[in-house]
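Trainee: I'd like to learn how to read the features of a protein model. Could you walk me through this one?

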Amino acid sequence: MGNGAEDRCENGVESIQPVISGCTFPAWARDVRECEEKFNVSADRGLASEEVLRRQAKYGLNELEKHAGPSIWQLVLEQFNDTLVRILLVAAVVSFVLAWYDGDEGGEMGITAFVEPLVIFLILIVNAMVGVWQESNAEKALEALKEIQSEHATVKRDGLVIPNLPAKDLVPGDIVQLRAGDKVPADMRILFLISSTLRVDQGSLTGETDAVNKTHHKINGEDMDIQGKECMVFAGTTIVNGSCVCLVTQTGMNTELGKVHSQIHEASQDDMETPLKKKLNEFGESLTVIIGVICALVWLINVKYFFTWDYVDGWPRNFKFSFEKCTYYFEIAVALAVAAIPEGLPAVITTCLALGTRKMAQKNALVRKLPSVETLGCTTVICSDKTGTLTTNQMSAATLVAIGQRKDEVRRFKVEGTTYDPHDGLIQDWPIGGMDANLQKIAMIACVCNDASVTRSGQQYHANGMSTEAALKVLVEKMGMPAGSRASVIDEDFRCCNYWKTISPRIATLEFDRSRKSMGVMVKSKSGSNILLVKGAVENLLDRSAYLLLLDGTITPLDEQSKNLILAELQSMSSKALRCLGFAYKIDVNEFATYDGESHPAHRLLLDPANYTSIESDLIFAGMVGLRDPPREEVHKAIEDCRAAGIQVMVITGDNKDTAEAICREIGVFSPGEDISSKSITGKEFMTLPDKKKYLQQSGGLLFSRAEPKHKQDIVRLLKEEGEVVAMTGDGVNDAPALKLADIGIAMGITGTEVAKEASDMVLADDNFSTIVAAVGEGRSIYNNMKAFIRYMISSNIGEVASIFLTAALGIPEGLIPVQLLWVNLVTDGPPATALGFNPPDKDVMKKPPRRSDDSLVSAWILFRYLVIGLYVGMATVGVFVIWYTQGSFLGIDLTGDGHSLVTYSQLANWGQCASWQGFTASNFTAGSRVFSFESNPCEYFQSGKVKATTLSLSVLVAIEMFNSLNALSEDGSLLTMPPWVNPWLLVAMATSFGLHFLILYVPFLAQVFGIVPLSLNEWLLVIAVAFPVILIDEVLKFIGRCTAEMRIRRRLPEKHKKE
């Protein structure tokens, strides 16, 4: 069966486009005749119409698949797949049912009861809306990918040319004609060139910075990367210049673009939870257990109040069940659940992350997905591209080599500057009296034998055309004008180039090709005769040169000694990863001496590129230049910062190994003398390693050169399997799957494609590696601040739970109702928690190793501290309730001004038995403008009469949580060393929260909704007296924490000395 499949793959047209099989026909490794036979087609006639229909039925349309995304309802349901949200939902439903049950009573409490579930439902709806909006953006990368597909193609079928056939109708075997500017509609094998050369911009697919030359000759070797398939053009790429006829080999999802589409879709299905979401889910699960246990305890403690029995003959008899009291204590359990859930936490986290995105945007890091802000903080590995991220992506001349006074002498000039700005830097040791004849000829060739241009936009300079040629234009400007010459001032920035183009107008071009590795132009000189100017690979030019141009313009024969001297200079420059170009020219151009255009008899020689090598012979060699894509100035320090922060840097580039290694040494990924034989590897070599994970576990920097998209994906996947948090940079279509797969996908804002940006979590506005490092530092700072407000909110909720638990345990009336707790959690706690997000960053934030993604938000000691604080909060809120009922004064503060009655603690704890008390009465008392009377039913003193005690409890809770927010400024630092004014926003937030509390106290309608009354000055003094000690308690606990930390350090030091 297997052999049959192989036979079909090799021989029949049935398998010309296998969908999954690994036996795809290697058209690049077959000559044109074999390809035509394989696809059963001829370039002259194309496919027959009947055959097209048959193949369309077999292979489908030439378009990318439309993956059905989740429906809107699926997205909505996914938002409730969160432990905290589910707890909130249950609490809201139960609260709503209880409110409905109590609704027939009407009045104030009925309205109040419905506020709580409605507010919780509102929170859940807003949370779901935000989540659905974020999720709906997830598939945009796939939509952006479809936009780069071609819409039409010029096709030959039945011997006729169809000029605008919809590209989706193409099938394998179609004959397609491509011209300059066309977008390639499918993966195709070039059959023959119509023009002398063909250049294609396939950078979006391969990451190559310059357009590449294509040929129709087959490639030796079936196992080739995309860059190596020089006789193939790929869907989504663009023809820069030239024209050709091609044979469609792959369509739709089987194209290289289709593979990227599949990889993006696959990666999008693999979206993992962020470290913070994992921790919050773990916290929510723990909270569920804690709430369940405490609710059960409250239920058991109070079961005696609603379920009683008598013992008759030693056996329980006469069971009595009070549904009303059972419901009441169930409401207390619900209040407990509301108290335990930090309802405001999702909103505060979102606000903090949103503020973080604004800070990062100011540093040129545009965050597209909010959770990425936090994930950045625990990044352990940065996988960076080289070109444009670590380097400027602006080629610049670094070294100019010219011939000296004698043929055994060369001159070296160091060229400053790293951009396309002609004013950026000078040429060191440049001749003061102006350029000599040798340098003038180099300038002429560099300028005129050049198809690029540099334009200015504001303060920025941009290259149009090949980056190497643009760098030569900039070099010419730095070389200056020849002595005594004048140039037009049409373009002040490039007046030198304008001068050379004016005095040496081009009349013909010998286009570059890969065989001779040079480009030539025929120009008319000042004397009126034609000369040939050539630039190209130094070795090739030397092989075709017979003479040498000296400093004074003398032309001398090129001997072996001079040639070896130039080659030695070439070797020296190449070892520094410079891309070298040579300059040569020819005076005696034979039949082209009078060439003036296409009508000239010699023009026929220019139509066949095979003649170019003989035309470019017997050249006069003038000099050479070393160019490079220089590293960004700030990258070296950013790499050092990564090392100090414990972040590993891996460089993954499509560039060649030598160039990448030189750049990595220069920027500090590798030290100058470091042996990198085991740390620098090509993508293909990496894929053949038996233990890839072991290779990735090496410390220090790693370099992967000649890397393809699939290599990037495998590296990211393996690192994530090892527990690393990976940030990956990319700019091309080919990078999109790896960006989607990484914990943090970072796209380039300037050079990046829309596909890469849509697949990313963050976009660099300046394409700069140091921006990533700054964003990581900001992410760490934001995480620390998030820990501060999460600890603050958790400690506040522990206090609320302790308050309700103590109320139930002591049997006293309910001190705080659910809507009050909801107000505290959402509104009063919100501003201080958000303000903690503005805490200034630690000075050593990038001097510490990255936290592990599984590190707990709250350590055991911190949890103990906040249990102590929470217990005090509970005691304070319950205590002030008891004080108002049982004490006439406290700490010298008179509390009898409102005229309320005092009761014993025993009466308060057994208030449910009030109806059986003989002679119990309660005095009327005032609260603001209201008078509370209990003449008809004295027992109401423990129900509606508790409004003042409830208000005191609520005010103590608010005040104590405001003071507790000051404790959260630092995990262990005292307020004496980190005073409140280090974060002025926190003081503003505290004032806001107190203002909101005053609002509900002193606006009658709001006071009625929340079931509270205004307080007098003495009562406020009582609130402050009870709340303030929370600062003193936490200061003592912080001091103990600092002492124990110092003891641990001291204990480690002797152990370290013993080992030494």
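Predicted model: local features only at pLDDT ≥ 70, side-chain atom pairs only at ≥ 80, totals over all residues.

Trainee: How many helices and strands does the protein have?

Mentor: Helices (H or I, at least four residues) and strands (E, at least two) are DSSP runs, numbered from the N terminus. This protein has 37 helices and 34 strands. It runs to 1060 residues, of which 54% count as buried. As for contacts (heavy atoms within 4.5 Å), take those with a separation of 6 or more: residues 24 or more positions apart account for 72% of them.

Trainee: Back to the rings. How many aromatic pairs does the structure hold?

Mentor: The rule first: rings of Phe, Tyr and Trp (its six-membered ring) pair if their centres lie within 6.5 Å, and planes under 30 degrees apart count as stacked, over 60 as edge-to-face and the rest as tilted. The structure holds 22 such pairs. In one of them, the ring centres of Phe413 and Trp430 are 5.1 Å apart and the planes sit at 65 degrees, so this pair is edge-to-face. It links distant parts of the chain, 17 residues apart: Phe413 is in strand β15 (residues 410-414), while Trp430 is in the loop between β15 and α14 (437-448).

Trainee: And what is the geometry of the Phe998 and Tyr1002 pair?

Mentor: That one is tilted, with 6.3 Å centre to centre and 55 degrees between the planes. Phe998 and Tyr1002 are 4 residues apart in helix α34 (residues 984-1002), so about one helical turn separates them. Phe998 is partly exposed at 36% relative accessibility, and Tyr1002 is partly exposed at 40%.

Trainee: Which residues form one aromatic cluster?

Mentor: The cluster is made up of Phe881, Trp884, Tyr885, Trp917, Phe920, Phe925, Phe932, Tyr941 and Phe942.

Trainee: Where does the charged end of Lys229 sit?

Mentor: A charge sits over a ring if NZ of Lys or CZ of Arg is within 6 Å of the ring centre and within 35 degrees of the ring normal. The charged end of Lys229 is over the ring of Trp28, 3.9 Å from its centre. Lys441 has its charged end over the ring of Tyr585, 4.6 Å from the centre.

Trainee: Now the sheet: in what order do the 8 strands come?

Mentor: Strands of a sheet pair through backbone hydrogen bonds, either parallel or antiparallel. To count as paired, two strands need at least two DSSP bridges between them. The open sheet here runs β12-β30-β29-β28-β13-β25-β27-β26, with mixed pairing. β12 (365-367) and β26 (680-682) stand at the edges with a single partner strand each, so one side of each has no neighbour in the sheet. From one strand to the next, the twist averages 20 degrees.

Trainee: How do β26 and β27 pair?

Mentor: β26 pairs with strand β27 (residues 702-705) in the parallel sense over 3 bridges. Within that pairing, Ser680 stands opposite Leu703 in β27.

Trainee: Last topic. How many salt bridges does the structure hold?

Mentor: A salt bridge is a side-chain nitrogen of Lys or Arg within 4 Å of a carboxyl oxygen of Asp or Glu. The structure holds 25. In one of them, Lys535 and Glu469 meet at 2.7 Å, N to O. Lys535 lies in strand β20 (residues 530-536) and Glu469 in helix α15 (residues 467-479), so the bridge ties together parts 66 residues apart in sequence. Lys535 is buried, and Glu469 is buried as well.

Methods
Residues numbered from 1 in each chain as written. Heavy atoms only, no water. Buried < 20%, exposed > 50% of the residue type's maximum accessible area, 1.4 Å probe, protein only. Axes fitted to C-alpha atoms, helices over the stretch in contact; angles between N-to-C directions.
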